[in-house]
Amino acid sequence: MNAQPIVGAASPYDVASVRRDFPILATTVRGKRLAFLDTAASSQRPLSVIEAVNHYERTSHANVHRGVYQLSQRATDAFEGARERVRRFLNAASIKEVVFTRGTTESINLVAQSWGRRLQPGDEILVTWMEHHANIVPWQMLCERTGAVLKVAPIDRQGELDLEGFKQLLSPRTRLAAFTQISNSLGTMLPIEDMVRAARAAGALTLIDGAQAVAHQRVDVQALDCDFYVFSSHKLYGPTGLGVLWAREAVLREMPPWQGGGDMIRTVSFTKTTYNDLPYRFEAGTPHISGAVGLAAAIDYLEGLGIERVHAHEQHLLQRATAALREVPGLTIIGEAARKGGVISFLLEGVHPHDLGTILDAEGVAIRAGHHCAMPVMEFFDVPATARASFGCYTDEADIEQLLSALATAREVFG
Ligand code: PLP
């Protein structure tokens, strides 16, 4: 493959320079160049994020919101500054709408346990067949508790959502439609604008799982017109252990607190406890302060590169890699939707995905093998697992070449 620079509005996307921002990409694995193709599971961190966390730890750490001393003020400013950074990034109307959580999973559990508490027997939650377990199991647990019913919108063999099927499952009993923006197992970009519109017309709220999208395309929660948007910092070049629940203020205001403890209260007595304002009412206990600082630095980094340019770069790689993989004898791509993010699931005839992952690892290629926390998708395609390569802002043509060459080795081994 010839390396072709992607020409954006400003200057060509310089992936070599982007790669130099990520120290880990210079490490070798088993004596080989590292081809990191597992960004969908967790992205790597640029030096600016590592340094922002380091700087905070060295100069500013104390607990937030409680201290009158200067260090605590500094930590509070850093933490609340990060919240404002997230607000701007999502184009949220107010910082009151930005709740820090431990990740996408916790954000969805928060909605299920707080907002979901009001559900009545017979109420319906609508998800799709291609959700991550994080957007299935909390709703199943909620249904068990409340007598609500979980409905599942169908998908087809291409890995596309059946939009008509989705619309038909919306009913006057649908309280929430919760769906992913990009499938982590198939790469499918769902028609979320149409889905939000249809759900809203049916009187349902919408939750978008942005875990696989937010680092790869511009997200504007006001333009999306959804009610909840959730994502994890660690898939956005930020630290692990931190995530965001964005929720429309009017919706959040009606939700009861879910975890009790410090910071989420205004006053506590044994006769009556009153709760804090938004968003603190949903943030019990000491938060992941350095994580928030790192997330803000990650957003700065990504916006410095230009999300649109990163998107174009990843789409270019997706097309190149898809075309090349189609030429590999015995290889089948699982998920051939018309619009995809930088995720390719595949099978190699005669090789279990786990064995393939091991052989590729020996060649320095890090891919994921397994059910990708999407067992219903595996069941639908009647496979136990797939191999999955996924891309980020630092993925380059050499990574794809290394994957192809490692696949050739795997074919020889299992030939
Ligand atoms: N939703 C999707 C689409 C994902 O891809 C993932 C992680 O892979 C999650 C939810 C869960 O994210 P986390 O483990 O960061 O909570």
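## Terms for helix pairs

A crossing is left-handed if the near helix is turned anticlockwise from the far one by less than a right angle, and right-handed if clockwise. Helices (H or I, at least four residues) and strands (E, at least two) are DSSP runs, numbered from the N terminus. Two packed helices are described by the angle between their axes and the distance between the axes. Axes are lines fitted to C-alpha atoms, for helices over the stretch in contact, and angles run from 0 to 180 degrees between N-to-C directions.

This is a predicted model: local features need pLDDT of at least 70, side-chain atom pairs count only at pLDDT 80 or more, and totals for chains, interfaces and linings use all residues. Residues are numbered from 1 along each chain as its sequence is written, and side-chain values use heavy atoms, with hydrogens and water left out.

## Helices α12 and α14

Helix α12 covers residues 353-362, and helix α14 covers residues 397-414. Their axes come within 9 Å and cross at roughly 120 degrees. The two helices are therefore oblique to each other. Angles under 35 degrees count as roughly parallel, over 145 as roughly antiparallel, 65 to 115 as roughly perpendicular and the rest as oblique. The crossing of α12 and α14 is right-handed.

From α12, the residues D355, L356, I359 and L360 take part. They meet L403, A406, L407, A410, V413 and F414 of α14. Contact here means heavy atoms within 4.5 Å. By class, this contact has nine nonpolar, no polar and one charged residues. Ala, Val, Leu, Ile, Met, Phe, Trp, Tyr, Cys and Pro count as nonpolar, Asp, Glu, Lys and Arg as charged, and the others, Gly among them, as polar.

## Helices α4 and α5

Helix α4 (residues 104-114) packs with helix α5 (residues 137-146) at an angle of about 15 degrees. Their axes are 9 Å apart. That makes α4 roughly parallel to α5. Their crossing is right-handed.

I108, N109, V111, A112 and Q113 come from α4. P138, W139, L142 and R145 come from α5. The residues of this contact divide into six nonpolar, two polar and one charged.

## Helices α2 and α10

Helix α2 spans residues 47-59, and helix α10 spans residues 289-305. Their axes come within 8 Å and cross at roughly 145 degrees. The crossing is right-handed.

On the α2 side, the contact uses S48, V49, A52, V53, Y56 and E57. On the α10 side are I289, S290, V293, G294, A297, A298 and Y301. These residues divide into nine nonpolar, three polar and one charged.

## Around the ligand

Residues around the ligand (a heavy atom within 4 Å) include T104, T105, H132, D209, Q212 and K235. Which side chain has an N or O atom 2.5 Å from a nitrogen atom of the ligand? That side chain belongs to D209.

A polar side-chain atom of Q212 lies 2.7 Å from an oxygen atom of the ligand. For K235, a polar side-chain atom lies 2.6 Å from an oxygen atom of the ligand.

## Two backbone details

The peptide bond from L278 to P279 is cis, with omega near 0 degrees. P279 sits in the loop between β14 (274-275) and α10.

R30 has a phi near 50 degrees, a positive value in a residue other than glycine. This residue, R30, lies in the loop between β3 (28-29) and β4 (32-33).

Note on methods:
Polar contact = N/O pair within 3.5 Å; in protein donor to acceptor, adjacent residues only side chain to side chain.
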